[in-house]
Every structure is written in structure tokens, then in C-alpha cells.
Amino acid sequence: MSVSGSESRASANKPKYSKFTQQELPACKPLLTPGIVIGAFSLIGIIFVPIGLASLSASQEIVELIDRYDEECVTASDKIGFIQDSKANKACTRKITVPKPMKGPIHVYYQLENFYQNHRRYVKSRSDQQLRDKDYKDPQAVIKACDQEATTGDGSLIVPCGLIAWSLFNDTYAFSVNKKSVTVNKKDIAWASDKNSKFGSNVFPVNFQKGGLIGGGNLNDKLPLSEQEDLIVWMRTAALPTFRKLYGRIETDIMASDEITVVIQNNYNTYSFGGTKAVVLSTASWIGGKNNFIGVAYVAVGGICLLLAMGFAVLYVVKPRALGDPAYLSWNKEAAEYSH
């Protein structure tokens, strides 16, 4: 093999020169002088602190009422036996006094604790194709996707299948204010994208809750899945074991000292796994529901930045350092040489 041949092959394998590979592309190379650093920290603090204070103020204005009822609504010592008894009267009345005026719409949530909707087998136990398309009839794929709750005892497919749909929350709430009944609006409680894209308008429940073991709530066989918003809300699984899901909205205002009476049908079994249940009534603001964390985080970050800015300013005044000449930086020297 000739030396020239090996050299030609080496040169052929050599990557082509480019400014990108040689890191010679134009780039921002800021000089972090004391003035720039102090100014940047000051600007962040000046912006973040007011945002945090405004968020905290909005959060404090929100009125939120939480009433846990799972313990008080079961008088029997055998709570699991009571909740599983279909003949037992599970109606329960709770009274809540409103401490501050609540301006409508008032959001009604149910809150569950110690319910792990993020469990891997639970999250995967659903068939999105089946939820979207009425013509999707692949039994093996449905059985594989929905695992435990895919078919009835005689092998007929369940629509919607899977553990998520099977465990649908089925407690109900009826509200009255000062003994005057108020309506809970359950329209548009689900995301529009879920209704339009994930649940078919021509897909209807089939054999739902007709398997070997009854789970949670039932569905209306005459309504398509895209209109069964309680199901759609429930099937958007929560990331944490304590979560809230929207039940509906009360569109009227409620004044301070008004008494809210809630008649609850306590159907949902959280007693088997040590879970808790609560009904939540909350107003909303421009930041959403009650949440102090955002405001505290903004104030904390802004305050730290202001403290750093003041610290650097004092340090610069007490022990100033002479700045280096940027002309001696390598890229500036190269630019000067090229200009000559």
C-alpha cells in the first residue's frame, strides 16, 4: 500500500471544515461586570416580588370550604359491609356555614385521598381506540389493553373497558342554601379537547358494570361517551394520591353566614383501601383556585435576588476590583488582527 494512497483515504475520512464544528459561529459573549450582575438581580427582584404579592393577594381572596364526610356518613361499625350493601340507605346530610361571601360561579369538587390513580397498571388499563371509534372491535387488543375489566362473564366486550372507567366516582351531591334548593351545573366540566378528540360522539356504553365485580358508578347507555362528562373528568388520571376533580358549578352567589345544606349519596367505597372523601366548594380568581405556593415562590425568588444585588453592591463599594481590559480577550485580539 502506497503512502499517498493511505494519505488520500485519511483526507477523505477527515470531516469537512465548518464554523459549527469549530465553534466559530457568532455568539453572545457577555461580560458579567459588577454593574450588569447587580442590575440583572435587581431587575428580577423588582419584577418577581410584585407578581408574588399580587398572586398571594388573589389567593387570599378565594373562599374555599372543605367538608370531609366519609367518617360521619357511615354509622355502622362495619364500614366496608355498609358501603357494599346495595339495600342500605346511604343518604347523608351535611351543613356548612359560609364565612365570607362567595361570588358565582362556585366550583364544586370531590376530593379523594390515598387513591393512587398514577399506579402503572391502573393508568394503562384503558383502550383509547375503543373510546374514540365505535367500529373498533379487536377483542384481543381490548383484552390486552384493559386487563381485568375487558369482558363480561360470557366473553362480551365492555365499553368503556378498563379499571379507570370501572372505578368511576359515584357519590352525588344536592345543595340548598338557607333551605332553598340550588342547581349544580354539570355542563362543560371536562376539557373541550378531551370531549372532541378522545371520546367518540358515536360510542355508547355497552355491558358497563356488568362484569363479575361491580366497581363505581354506572353510565347512561343512551348517551355517547363524549357527552358523559363525569366519566371524561374521572378518566383524566391524577398524578398524586390526593386530588380533586370537578363535579359541577353553582352559578349563584352565596352570602356570608348563609347555611349550605348538602345531601350526599355516600356510594363510593374508599373504606377498603383507607381512603378519605370530601366535598369542596371554592371560588376562583385570575390565578385559578386557592394556591399560595406560586405567590410564595415568586416573593422568595425575588427577595433572594434583591438581597444578592444589595450584597454585591456593598461588596463592590467596600472592596472594588479593577476590571480587566476586554481587548486582551482572545476573540477580540483575533478580530483586531483581521482588521489590520
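The largest cavity of this predicted model has a volume of about 50 Å³. A cavity is a set of points, on a 1 Å grid over the protein atoms alone, where a 1.4 Å probe fits but cannot get out; grid points are joined across faces, edges and corners, and the volume is the space filled by probe spheres set on the points. By this rule there is one cavity of 30 Å³ or more.

Residues are numbered from 1 along each chain as its sequence is written. In this predicted model, local features need pLDDT of at least 70 and side-chain atom pairs pLDDT 80 or more, whereas totals for chains, interfaces and linings use all residues, and side-chain values use heavy atoms, without hydrogens and water.

**The cavity.** Select Glu-149, Ile-158, Trp-166, Phe-208 and Gln-209, which lie nearest the centre of the largest cavity among its 11 lining residues (those with an atom within 4 Å of a point).

**The two domains.** Next, colour residues 33–62 and 286–317 as domain 1, and residues 63–284 as domain 2; these bounds come from an automatic or database domain assignment. The centres of the two domains, taken over C-alpha atoms, are 40 Å apart.

**The interface.** Domain 1 and domain 2 bury about 400 Å² between them, 50% of it on carbon and sulfur atoms; buried area is the accessible area (1.4 Å probe) that two parts lose on being put together, summed over both. Now select Ile-62, Gly-288 and Lys-290: in domain 1 these lose the most area to domain 2, together 73% of what that side buries. Zero salt bridges are found across this interface (a side-chain nitrogen of Lys or Arg within 4 Å of a carboxyl oxygen of Asp or Glu).

Conventions. 1 Å grid on protein atoms, 1.4 Å probe; cavity = no way out; pocket = protein on both sides within 12 Å on 5 of 7 lines; lining within 4 Å.
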